[in-house]
Amino acid sequence: TSSKRTLRTLFRPTALPPPFVSEMSPSQKRLLAYHQGKEQQKMINQLLIDRALEVYYINMDETDGRDAAPPITELPSTVRKYFFIKYYLFLKSRVQSNPMVPIQQQWLRSMLTMVPQSLMEGRERELLTEDLLKEVVRDYEKSMQRYVLRRALIKPDIKELDKLEEEAPLPLLPLGLDFSSTWHDSYIKAKKQIISTLHILHPTMKTLLDFGYTAFFNFLVVDFSNSRLKGPVDCKSLKTDATLSCCKAEDKIMSMWYQRVVGLFTQSEALDGVKLDQLESFYNCVAVLMSNQLKELLQRTTEVFVKLFDPEDRSHLPIFKMDLTFDENRMEFYPSLQDLEEAILFVVDCIGQTLQNFKTIHAWLTGGTATLDAELPAHTVQWAKSTLKKSIRDNLEGPKEHFKGYVESYGWLVDGTAEERINRFIAEQPSFDEYT
């Protein structure tokens with residue numbers, strides 16, 4: 001019938017490119033004809049392969065694969081190679097056309113919670129966030145598609161196929177990490193070990209925490225928050241007040257908090273459940289807990305003192321008494337600005353030197369000399385001093401301008417300029433009117 005598809009009806013006349021006519025030598029014409037012949041032969045071979053495969057598919061469809069098409073093994077090697085390529089690409093397109101599992105909205109919301117809110121404010125940043133989420137969705141769908149494809153199909157080992165698929169390889173697993181071993185047994189073992197050796201869970205430690213909270217939650221070693229209400233204070237008085245406050249605070253903590261802690265550990269119930277071989281680690285835990293409580297108190301006191309000099313909030317800024325003196329033909333502040341800075345930084349050092357002689361509970365019970373580590377961290381001291389120096393410089397801009405105005409207005413009266421002008425005027429023997 002006319003609708004019967006045969007090899008004759010499938011082939012169309014091959015349209016070869018028109019010959020290239022130009023003025024060339026006979027050797028150049030022969031060389032050009034040779035190259036054109038190779039290209040034409042290559043094109044014809046490709047067309048023959050495509051038509052042969054198309055006939056193969058048609059016969060397979062018409063006869064349902066029964067005795068019509070030759071077996072794949074009987075096809076020429078070139079035809080067989082291109083058959084595998086086309087068949088793989090056909091199956092790949094079918095797999096890729098299947099719907100993918102969409103990314104869960106909960107995952108996207110979790111990603112957004114990790115972005116600081118300040119980076120998401122504004123219309124432009126909202127649009128940027130939407131673009132980023134779309135990019136995440138595209139990458140997810142692409143990764144899922146590639147994963148499903150590699151699970152469903154085995155890619156033939158054909159070099160020509162690599163040129164058709166320009167995809168980057170899937171990421172490899174991190175080298176040196178072994179995920180094959182189970183973790184549940186080691187987790188249970190570690191959990192039991194933590195419960196048996198983590199002394200912070202002991203009831204005595206809870207009582208110790210309560211003692212520290214009750215004694216320190218509203219207590220400061222040095223409190224100058226009301227210094228502004230008392231009026232101007234000189235540098236010497238500031239140092240004296242800081243030293244006395246630290247001494248009183250140390251005595252108060254010793255008589256209240258430390259004595260209660262010692263009384264707690266003189267009771268036999270304090271060591272309930274603690275084995276003999278765990279006593280040392282238990283008392284080490286007590287020492288660390290007490291040290292942390294003292295360090296937190298000193299750090300909080302330092303932060304409150306530094307905040308008094310905040311340039312943005314001067315409601316609690318201390319007022320310092322300073323005199324503008326004139327001595328030996330010089331005007332200057334007394335005490336000097338450098339002395340004022342040293343006096344303020346002295347308070348930080350005084351706070352850091354407090355509470356450094358408290359014995360550990362184990363040393364107190366056994367007559368040892370070990371003391372609690374209550375030293376302020378170095379980074380806290382460095383932060384406090386650098387912040388105070390900057391605040392002092394900012395707050396002293398006014399006095400410096402005041403002093404500069406005095407020097408500019410009256411400095412010539414005391415630096416010898418006025419005396420020189422008077423002597424020169426007298427030496428000129430002016431008239432009475434000029435004197436006047």
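**Starting from F265**

So, F265: leaving aside residues up to four places away in sequence, F265 touches T204, A270, F282, Y283, V286, I361 and L365, where contact means heavy atoms within 4.5 Å. Quick caveats: this is a predicted model, with pLDDT of at least 70 needed for local features and 80 or more for side-chain atom pairs, while totals for chains, interfaces and linings use all residues. Numbering runs from 1 along each chain as its sequence is written, and side-chain values use heavy atoms, with hydrogens and water left out.

Now the core. F265 is listed with W257, M290, F305 and I344 as having the most contacts inside the largest nonpolar core, which has 57 residues. A core here is a set of buried Ala, Val, Leu, Ile, Met, Phe, Trp, Tyr and Cys residues joined through side-chain atoms within 4.5 Å, and buried is under 20% relative accessible area with a 1.4 Å probe, protein chains only. At least two core residues each come from α8 (203–216), α9 (235–265), α10 (279–307), α11 and α13. Helices are DSSP runs of H or I, at least four residues, and strands are E runs, at least two, numbered from the N terminus.

Zooming out, the chain has 16 helices and two strands. Of its 436 residues, 25% count as buried. And for contacts between residues at least 6 apart in sequence, 75% join residues at least 24 apart.

Methods: Buried < 20%, exposed > 50% of the residue type's maximum accessible area, 1.4 Å probe, protein only.
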